[in-house]
Amino acid sequence: MQTNYFKSLSLFSICILIIAACNYYKVVTLKKDPNTAAYSGLDSLQSLNRYFILQSDKNSFHMKDIKLNNKNYTVSCILETLPADHQFYFSTKNRAKKKYSKSNTERSEIINEVHFYTSGDAKAVPGAYELQLSQVQKIEVIQHDKKRTTNSYVIGTIGSVLGAAVLTTIIILATKSSCPFVSAYDGNDFSLQGEIFGGAIYPQLSRKDYLPLRMAPFKDGSLQVKISNELKERQYTDLANLWVISHPKNSRVAADEKGNLYSISQPEFPVFAMLNQKNVLNAVMANDRSCVYMDDTLGKNALNEITLRFKKPLKAKQAKLILRLKNTYFLDLLYGEMAMNMGTYYNHFVQLQKKKSANELLKWVNNQNIPLSVNVHSMAGWERQSMLTTVGPLAFRETVIPLDLSSVYTNEVEIKLSSGFMFWEIDYTAIDYTANDQFEVEVLTPEAAVDETNRDVRYQLGREDGIFLSQPEVGNVAALTYRKVHKADTSLQQSYVLETKGYYEHVRNFQHEPDFGFLKQFRKPGRFPAYGLQLYKKINSHSVNSLAGIN
């Protein structure tokens, strides 16, 4: 429907403005020891596989296969002609603005660069080369400027000028659907941690979820969590157990989708990461900014794929893939667009869906490439090892995917993450081959639980028994208190995971006629992401100025 399209255009413009913010870099000059000519931090840069560049007067070279000799303070390498995608920093104009684009390879490569400066050296020609550190005038490291980039984002401006209430309203308008919100006391206040059992929008899809929490005890030692209904939904929660995990301080513990726990002690970054045809290695190695699935050059299948390569011990048969991720607001917007076109048929459609089995419902979800598919390349080709269920768009969460590498015989492992166009965001990836550390888990049931009317709801949340806490209206909130846990061993630290189970239902009361012609297209596998790509192209073809005044 045309009205719906323009409403989506207006609301999605919020997301476009957020994504379209500027990215900045900064230049850090390494400190030089005047007595030895050594540079602090050079070893770590080498281990991070940075891109090294030699600038000798007006000549510039790529320093390939760099080797640092700390005994005689020399650097040996192979000099190569510098490719075009590493010449962005040489422009005086670019240096002044310190801006780069993550979607432009020539510009995004800059934040991986390290520049060596020397005066004219006749030996600096393509081929084998040895550089005395005493000859180096300075070494510059190009880094992502997190603070300046964050300040440039429109959502930061909206939040600081209009306040949290208006920002929440914008999110609600833009997404139209969600799942129960979870907040936890973090030592200062209750902070939003994420959403639970995302996508379980019918009773037969009721499922468990395992949400990692950043929390701290109150002065009395108790731990507190809130579960709330913030949107037009009816929410049903069967249990809410808090896992307190005591583990060594030199590791952290994370859960997989099934609630199995794993220690992470030696995470290793990928050595290669490509999103479709874009190099996104830097983006997925830092947990401070997201790699947004956004590429309108896709083919008919409308898939986004990230291919990752990690170094692997030759005999490793198992591994733990660590992902920090969330769903996009765009996915919620697409679902809202489809629901809106059902019009007065929507509630009848919901009743028909409730008569289907969970497998029938999940078949459509999988056929539309909504889950995140995790695949490993082996001698037999690509093998799917996991399909991650949606986790919602409000907050990133860390999850572990256990990998079976028994069919991978090389010293590298190649992993492919795949989903429908712009359905997921990946902020961080790593792999860990270590065995699990020893850790202890204490499962706590709520010691107290009251709703917004001070009614005791502990009975509904104490165990998995099919007796649900019902939160049918916006503003319903349950405050849960867990008894304090003593930590006797000072060498340990504690992490927290909230185990829940439940489902939720969207509340919609459309008054317009349904568009059955529009809806029939989604019976075909892959049509949901294909429509998303089509809608994105339409939205992107309009200038931001044209959005003014559109409701």
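In this predicted model, Glu-442 has a relative accessible area of 30% and is therefore partly exposed. Its salt-bridge partner is Arg-483, with N and O of the two side chains 2.6 Å apart. Arg-483 also counts as partly exposed, at 37% relative accessibility. This pair links distant parts of the chain, since Glu-442 belongs to strand β26 (residues 440-444) while Arg-483 sits in the loop between β29 (477-482) and β30, 41 residues apart.

A search of the whole structure brings the number of salt bridges to 16. One of them joins the side chains of Arg-309 and Glu-414, at 4.0 Å from N to O. Arg-309 is part of strand β19 and Glu-414 is part of strand β24 (residues 412-420), so this contact ties together parts of the chain 105 residues apart in sequence. Arg-309, at 27% relative accessibility, counts as partly exposed, and Glu-414 is likewise partly exposed, at 23%. A further salt bridge forms between Lys-326 and Glu-425, whose closest N and O atoms are 3.4 Å apart. Here strand β20 (residues 318-327) supplies Lys-326 and strand β25 (residues 424-432) supplies Glu-425, a separation of 99 residues. Both Lys-326 and Glu-425 are buried.

The sheets come next. Strands of a sheet pair through backbone hydrogen bonds, and the pairing can be parallel or antiparallel.

Another open sheet is built from six antiparallel strands, ordered β17-β16-β19-β24-β21-β22. Its edge strands, β17 (278-279) and β22 (381-388), each pair on one side only. Four bridges connect β16 (residues 272-275) with β19 (residues 303-311) in an antiparallel pair, where Met-274 faces Thr-307 in β19.

Strand β11 (residues 207-213) is mostly covered, with five of its seven residues buried. Seven bridges join β11 to β30 (residues 492-506), again in the antiparallel sense. Leu-213 stands opposite Tyr-496 in β30.

Note on methods
Residues numbered from 1 in each chain as written. Predicted model: local features only at pLDDT ≥ 70, side-chain atom pairs only at ≥ 80, totals over all residues. Heavy atoms only, no water. Buried < 20%, exposed > 50% of the residue type's maximum accessible area, 1.4 Å probe, protein only. Helix = DSSP H or I, 4+ residues; strand = E, 2+ residues; numbered from the N terminus. Pairing = 2+ DSSP bridges.
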